[in-house]
Amino acid sequence: MYGGGNIFDDSNTDALETEDREKLAAFEARIARDEKIEPADWMPSLYRKQLIRMIEQHANSEIIGALPEGTWITRAPGFKRKMALMAKVQDEVGHAQLLYSAAETLGKPREEMINDLIEGKSKYSNIFNYPAYTWADATIISWLVDAGAIVNQINNAKGSYGPYCRALERINAEESFHLKYGHHCVIHLATGSPVQQKMVQEALNRWWGPMMHFFGPPDKISVHTEILMKWKVKMATNDDNRQQFLDMYVPKIWELNLTIPDPALKKNEVTRKWEYSEPDWEEFMRVINGDGPCNKERLAVRRTAEEKGKWVRDALKINAQYVTPLA
Amino acid sequence: MKSLDPRITRLNISAHAGSGSLQTSPEQLATFEVFLQKRDQMPFEHVGIIHAPDEQMALVLAKEQFSRRSTCSGMMVANTRSVVVSPYTDMEEDVYDHMEMESSEVSEENSPQEYFSIFHLTRRGKQHRCAGTISAKNFEDAFKTAKGTLKEDKPVLNVWLIREKDLFKIHQQDTDIWNTLPEKRHRDVTSYRARQKKDSIKTRS
């Protein structure tokens with residue numbers, strides 16, 4: 001989800017053939033009895049690689065996600081909103097650190113992950129490649145994008161890798177404030193003046209498309225979901241997550257008298273599943289591969305921050321020796 | 001590059017699409033394992049790591065990362081390199097029953113005793129918790145002693161041993177930030193109640 005659904009190279013599946021049969025069986029048995037895998041355990045290289053990629057992309061999403069929201073801190077309406085948004089963005093950066101730390105236990109150093117992000121080698125959640133035009137956009141992001149992330153995080157917290165689960169538990173505890181705050185902001189606009197109502201409706205119209213992309217491509221075109229779910233790396237399919245999100249949040253959006261810009265969106269009472277217009281997956285692939293409105297800006301800002309902070313790192317006179325963290 | 005955010009426009013940076021080499025070299029900061037005490041008298045528990053150049057910075061950054069939102073009563077850090085880790089056991093075996101600690105340390109007969117903090121992991125997926133302090137000559141000695149004195153009712157799956165002198169605790173005078181933390185209401189879920197506003201929509205239409 002965080003990298004766009006396709007987090008595999010096809011070449012990787014062959015590596016599984018060369019793994020020690022006995023060790024692989026013991027590893028899978030542990031997962032099957034719901035026991036967590038810890039950093040010191042043997043694990044197939046495919047598991048290690050995919051986990052690093054997934055956690056890294058999740059961490060990248062937190063850091064980049066701070067940008068469209070952070071941009072509104074100085075212009076948030078009123079002191080309380082500024083304080084709250086500042087606290088939320090602080091949390092997001094903290095979450096990124098927790099996630100990078102979890103990925104590090106698998107053997108990839110943090111600085112390498114940060115460099116890969118800036119170099120454009122690793123991905124982050126596509127939704128942050130879109131611009132936050134108005135304050136209402138910031139509120140919609142705080143509410144719905146966080147809601148989407150929480151759906152995914154709550155599911156993944158039951159996964160197999162210990163450090164990732166522990167990081168997610170800490171993160172989920174802090175997210176409840178984000179969600180409440182976001183909802184509060186949207187309610188304020190939706191129940192406000194005609195100008196406010198129009199602003200939030202237009203923001204919703206802009207963000208609905210990206211929100212439908214948020215959980216990644218539909219299951220029928222998502223490859224390798226099966227082994228990721230067997231190893232409890234992926235705890236729910238993209239479509240499962242999407243359905244859960246729609247179930248929880250479409251009613252909440254409708255109760256604010258906001259319309260969702262998809263006339264086909266409705267819940268099928270027989271199948272109990274939401275039906276909707278198929279999102280534009282061509283646009284999704286285009287944007288995630290670099291051709292979105294904000295891709296260049298996001299990376300440029302991260303790179304600038306990294307370069308401008310170099311003197312601080314130099315002043316700390318880093319002479320330390322780094323080893324892979326333990327848990 | 002022009003951005004919706006005037007501050008970014010003012011930076012006058014060029015749009016960057018990636019795949020250019022960064023000027024900065026990826027120097028790694030060391031990592032410190034962080035242990036937190038939720039309430040007075042409770043044992044310290046591992047909560048995660050912090051990247052920092054030294055122990056003082058590590059404590060400052062650990063406070064920010066691990067008590068930014070929830071208060072606690074104590075915190076300490078140890079460089080990851082100073083943590084000695086026992087083997088992991090499987091299937092609810094107790095590490096004390098089944099394993100011998102191998103230590104690269106060799107102590108002389110007359111070397112002084114020092115204190116070691118012992119941390120136990122009793123369940124995969126949970127975190128190491130301080131089980132006590134042992135006085136011993138070296139890590140191997142400490143493990144043997146812990147076997148005798150710190151055994152628990154549940155099997156211990158993994159043991160961390162850290163020399164007391166490698167553990168850096170927060171000073172009492174730096175703990176007052178935890179007293180004012182609960183006052184920061186704007187981070188509280190309870191500050192964002194909007195039931196009345198929502199209900200006003202129903203009465204309107």
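Predicted model: local features only at pLDDT ≥ 70, side-chain atom pairs only at ≥ 80, totals over all residues.
## Basis

Local features need pLDDT of at least 70 and side-chain atom pairs count only at pLDDT 80 or more, whereas totals for chains, interfaces and linings use all residues; side-chain values use heavy atoms, leaving out hydrogens and water. Residues are numbered from 1 along each chain as its sequence is written, and chains are lettered from A in the order in which they are written.

## Chain A: helices α6 and α10

Helix α6 (residues 135-156) of chain A and helix α10 (residues 238-254) of chain A have axes that come within 10 Å and cross at roughly 140°. That makes α6(A) oblique to α10(A). Axes are lines fitted to C-alpha atoms, for helices over the stretch in contact, with angles from 0 to 180 degrees between N-to-C directions. Angles under 35 degrees count as roughly parallel, over 145 as roughly antiparallel, 65 to 115 as roughly perpendicular and the rest as oblique. Helices (H or I, at least four residues) and strands (E, at least two) are DSSP runs, numbered from the N terminus.

On the α6(A) side, the residues in contact (heavy atoms within 4.5 Å) include Trp143(A), Leu144(A) and Val151(A). Those of α10(A) include Phe245(A), Met248(A) and Ile253(A). By class, the contact of α6(A) with α10(A) has 8 nonpolar, 5 polar and 1 charged residues. Here Ala, Val, Leu, Ile, Met, Phe, Trp, Tyr, Cys and Pro count as nonpolar, Asp, Glu, Lys and Arg as charged, and the others, Gly among them, as polar.

## Chain B: overview

Chain B contains 6 helices and 8 strands. Of its 205 residues, 43% count as buried, meaning under 20% relative accessible area with a 1.4 Å probe, protein chains only.

## Chain B: strand β1

In strand β1 (residues 30-37) of chain B, 8 of the 8 residues are buried. Ala30(B), Phe32(B), Val34(B) and Leu36(B) lie on one side of β1(B), and Thr31(B), Glu33(B), Phe35(B) and Gln37(B) on the other.

β1(B) runs antiparallel to strand β2 (residues 45-52) of chain B, joined by 7 bridges; pairing requires at least two DSSP bridges. Val34(B) has Gly48(B) as its bridge partner in β2(B). Another 6 bridges join β1(B) to the antiparallel strand β3 (residues 74-79) of chain B, where Met76(B) is the partner of Phe35(B).

## Chain B: strand β7

Strand β7 (residues 158-163) of chain B has 6 of its 6 residues buried, so it is largely enclosed by the rest of the structure. Strand β4 (residues 83-85) of chain B pairs with β7(B) in the antiparallel sense over 3 bridges, with Leu161(B) as the bridge partner of Val84(B). Strand β5 (residues 114-121) of chain B also pairs with β7(B) in the antiparallel sense, over 6 bridges, and His120(B) stands opposite Val159(B).

Terms used:
Buried < 20%, exposed > 50% of the residue type's maximum accessible area, 1.4 Å probe, protein only.
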